[in-house]
Amino acid sequence: MLQRKKEKEIKRILVLRFSSIGDIVLTTPVLRCVKRKYPDAELHFFTKKSFLGVVEANPYIDKVHLLSEDLQQNIAELKAFDFDVLIDLHHNLRTLRVKKALNVRRTYSFDKLNVKKWLYVNFKWNLMPPVSIVERYFKVLEPLGVVNDGLGLDFFIPEDKETNKDDIPMGHWMGYVACVVGGSYATKQFPENKWKAFVAQCDYPVILLGGPEDRQLGEAIAAADPNKVYNACGKFSLMESADLVRKARVVISNDTGLMHIAAAFQKPLISLWGNTTPWLGMFPYYGANNLNDTISTKFSIAEVNSLSCRPCSKIGYKSCPKKHFKCMQDIDNQAIIKDLNGFWQQELKKNIKK
């Protein structure tokens, strides 16, 4: 009876996560499970304006608040809602200011494990848990009775923002590999020469995905085989790029937002890892997989484990600090092709059964 009474008292819940695309997508299981646990409560989400598109179509969110240059104005607006629960999934100085100002009685903050990350990056002492950051989010919410439903990530694309068949070449209509060449840092991006070598070995149509800043790289890769490769970098919005990921037969991606969107759509995925590693907790999450004994059969990890300098950062750099960039240059392209062929055949069999 006491638990039921507490649940009825919760009328409004605020979740904080300011950035970025992938990090926000990784919060979606929490949003879904919180809303299902407290269906009568209003679920609010506070993020940056540039990431509104990631959450605005999410049916589990009742209201989105956008971070402005004047945080005090944001705080004044948020105070008016008199939140019963605050869930901080970002945990930085700005979210600390928000929490102190709102003074919500039931506040739950995510532990970023910064000390363990520092030891891992600087001394290569890996004390990180083998679980996804998603599992760590849910650990924080145990006092609320919120339980992970195991359904993985969410990403919602409005119908009016989907792509059409005519948006891509006819040669790609029967199936393609979506290759995400963009990334927030250069040391997290598969290099041009490696992509060109992959294109030469790949037997399937390829669509390159990235932002306007990746267009030149896309042109250089596509020039290796213009009939096989379509450079979509900078030609589509985030939602349209996400839709191309959803419609791909297999996805190959750097550690970036579209990688997590691919996981949200349960796509077969080959994830490419450079100066960061999956042990930092940001690997593709399919609902129950960890790095020890429940690796999903829907994705594979391409990385170089033998380097003493890796990981060199928990985020990334503009260039390799050691100048050799072996963490990407030494990734085995043949292994990528082998995994790709396996995933492609699995998808073909699924389509035949349908």
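1. A polar contact here is a pair of N or O atoms within 3.5 Å, and within protein one of the two must be able to donate a hydrogen and the other to accept it. The structure under review is a predicted model, and the points below should be read accordingly.

2. Thr277 and Tyr120. The side chains of Thr277 and Tyr120 make a polar contact at 2.9 Å. Thr277 belongs to the loop that runs between β10 (269–272) and β11 (299–302). With a relative accessible area of 4%, Thr277 falls under the 20% limit and is therefore buried. Setting aside neighbours within four places in sequence, the contacts of Thr277 are Tyr120, Glu303, Arg310 and Pro311.

3. The cis peptide bonds. Two of the residues that touch Thr277, Arg310 and Pro311, are joined to each other by a cis peptide bond with omega near 0 degrees. Pro311 is placed in the loop between β11 and α13 (326–329). A cis bond is also present from Ser19 to Ser20, where omega is near -20 degrees. Ser20 sits in the loop between β1 and α2.

4. Positive phi values. Lys124, a residue other than glycine, has a positive phi, near 60 degrees. Lys124 is located in the loop between α7 and α8, and its relative accessible area of 32% makes it partly exposed. Phe325, likewise other than glycine, has a positive phi near 50 degrees. Phe325 lies in the loop between β11 and α13; at 15% relative accessible area, Phe325 is buried.

5. The nonpolar surface patch. Which residues form a nonpolar patch on the surface? They are Trp118, Phe123, Trp125 and Leu127, which together have about 480 Å² of accessible area. Trp118 is part of helix α7 (residues 114–123). The relative accessibility of Trp118 is 48%, so this residue counts as partly exposed.

6. Helix α8. Why is helix α8 (residues 133–140) described as largely enclosed by the rest of the structure? The reason is that six of its eight residues are buried. These are Ile133, Val134, Arg136, Tyr137, Phe138 and Val140. The cover over the buried residues of α8 includes α2 (21–25), α3 (28–37) and β5 (106–109). At the start of α8, a side-chain oxygen of Ser132 comes within 3.0 Å of the backbone nitrogen of Val134.

7. The nonpolar cores. How many residues does the largest nonpolar core have? It has 64, and the members with the most contacts inside it are Ile13, Ile87, Leu144, Phe155 and Leu209. Helix α12 (residues 257–264) supplies the largest share of this core, namely six residues. There is also a second, separate core of 33 residues, with Phe198, Ala222, Ile270 and Cys320 among them.

8. Ile13. This residue of the largest core is found in strand β1 (residues 12–16). Is Ile13 buried or exposed? Its relative accessibility is 2%, and Ile13 therefore counts as buried. Apart from neighbours within four places in sequence, Ile13 is in contact with Val34, Tyr38, Ala41, Glu42, Leu43, His44, Phe83, Val85 and Ile87. One of these contacts, Ile87, is also listed with Ile13 among the core residues that have the most contacts. As a distance reference, Ile13 and Ser241 are separated by 228 residues in sequence and by 31 Å in space, C-alpha to C-alpha.

9. His65 and His44. The side chains of His65 and His44 are joined by a polar contact of 2.7 Å. His65 lies in strand β3 (residues 63–67) and is buried, its relative accessible area being 8%. Leaving out neighbours within four places in sequence, the residues in contact with His65 are Leu14, His44, Phe45, Phe46, Thr47, Leu78, Phe81 and Phe83.

Key. Residues numbered from 1 in each chain as written. Predicted model: local features only at pLDDT ≥ 70, side-chain atom pairs only at ≥ 80, totals over all residues. Heavy atoms only, no water. Patch = residues over 30% accessible without salt bridge, like charges linked within 9 Å, V, L, I, M, F, W, Y side chains within 5 Å. Areas by Shrake-Rupley, 256 points an atom, 1.4 Å probe, with all protein chains shown as cover. Salt bridge = Lys/Arg side-chain N within 4 Å of Asp/Glu carboxyl O. Helix = DSSP H or I, 4+ residues; strand = E, 2+ residues; numbered from the N terminus. Buried < 20%, exposed > 50% of the residue type's maximum accessible area, 1.4 Å probe, protein only. Contact = heavy atoms within 4.5 Å. Core = buried A, V, L, I, M, F, W, Y, C linked by side-chain atoms within 4.5 Å.
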